[in-house]
Amino acid sequence: MERVLRLVMSCPDQVGIVARVSGFLAQYNGSILEANHHADLEQGWFFMRNEIKASSLPFGADKLAETFAPIAKDLNMSFQVTDTGAPKRIVLMCSKDSHCLADILNRWHSGDLACDIPCVISNHEDLRSLVEWHGIPFHHVPVDPNNKQVHFDEVERLVDAADAETVVLARYMQILPESLCQRYRHRIINIHHSFLPSFIGARPYHQAHDRGVKLIGATCHYVTADLDAGPIIDQDVVRITHRDVVEDMVRLGKDCEKTVLARGLRWHLEDRVLVHGNKTVVFN
């Protein structure tokens, strides 16, 4: 596929931002393959994402960022430049449930997810054979209920050693400490097996069944120190009826979970998710 550089930015809204950015790219003969922008009128904030044909520019990602920096400073703009020629490195974390992990590994194996997976970390041994079949290192890091910090220290060491850009919690069933959430802010993606903010906590499908709901769903979000309250990337729902028992809801919910997690991860990998406060703008 055509190698592209992505220029993603946000700043206080004002007249002329699009013209300023597109004019800058035109100055260096940059060919824009995709352009998206959105103005939040309530917050007075502007968001923009451009994909530029890498071969059309006289320099690479680092020089593009350096050359663009004065404009960003003038506009009080936060921005990043990424290069599709350097796939993001993601560490997957799991516990015992396999559906989300297996789905991501399959999409990666088939080339549908453009990323590198240096390792998988789990607090259980159950999914080792699945991971190692894909040729990916599997790290079993058990949890001592009386001293969980030892587990989290080793997780942090492994993520650092993997030089990971993103951590994906593919039904990893431990609550990360605040220090990890802060260090990898907006770089830890979780799938929650209910349609947040409904049915937070344990046994969500049982809660939903007891409530007699007609829709169940899944929520993909960034992890923060506030449990299940981070910026939402994607959500979806499945319609159910009075005939569905808890087991049916779990089965349907698993299908929804893996689809939503994969979609949210893809958008993150493609730099389509911009976080502002506790909300996201997603250029999908």
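Ala, Val, Leu, Ile, Met, Phe, Trp, Tyr, Cys and Pro are counted here as nonpolar, Asp, Glu, Lys and Arg as charged, and the others, Gly among them, as polar. The model is predicted, with local features requiring pLDDT of at least 70 and side-chain atom pairs counted only at pLDDT 80 or more, whereas totals for chains, interfaces and linings use all residues. Residues are numbered from 1 along each chain as its sequence is written, and side-chain values use heavy atoms, hydrogens and water being left out.

A pocket is defined on a 1 Å grid over the protein atoms alone, as an open set of points where a 1.4 Å probe fits, with protein on both sides within 12 Å along at least five of seven lines; lining residues have an atom within 4 Å of a point. Volume is the space filled by probe spheres set on the points, which are joined across faces, edges and corners.

The largest pocket holds about 1200 Å³ of space. Its lining comprises 43 residues, with Gln80, Lys88, His268, Glu270 and Asp271 the closest to the centre. By class, this lining contains 17 nonpolar, 11 polar and 15 charged residues. Strand β4 (78-83) provides the largest share, 6 residues; strands are DSSP runs of E, at least two residues long, numbered from the N terminus.

Isoleucine 90 is in contact (heavy atoms within 4.5 Å) with residues including Cys115, Thr166, Val168 and Leu269, neighbours within four places in sequence being set aside.

How values were computed:
Helices (H or I, at least four residues) and strands (E, at least two) are DSSP runs, numbered from the N terminus.
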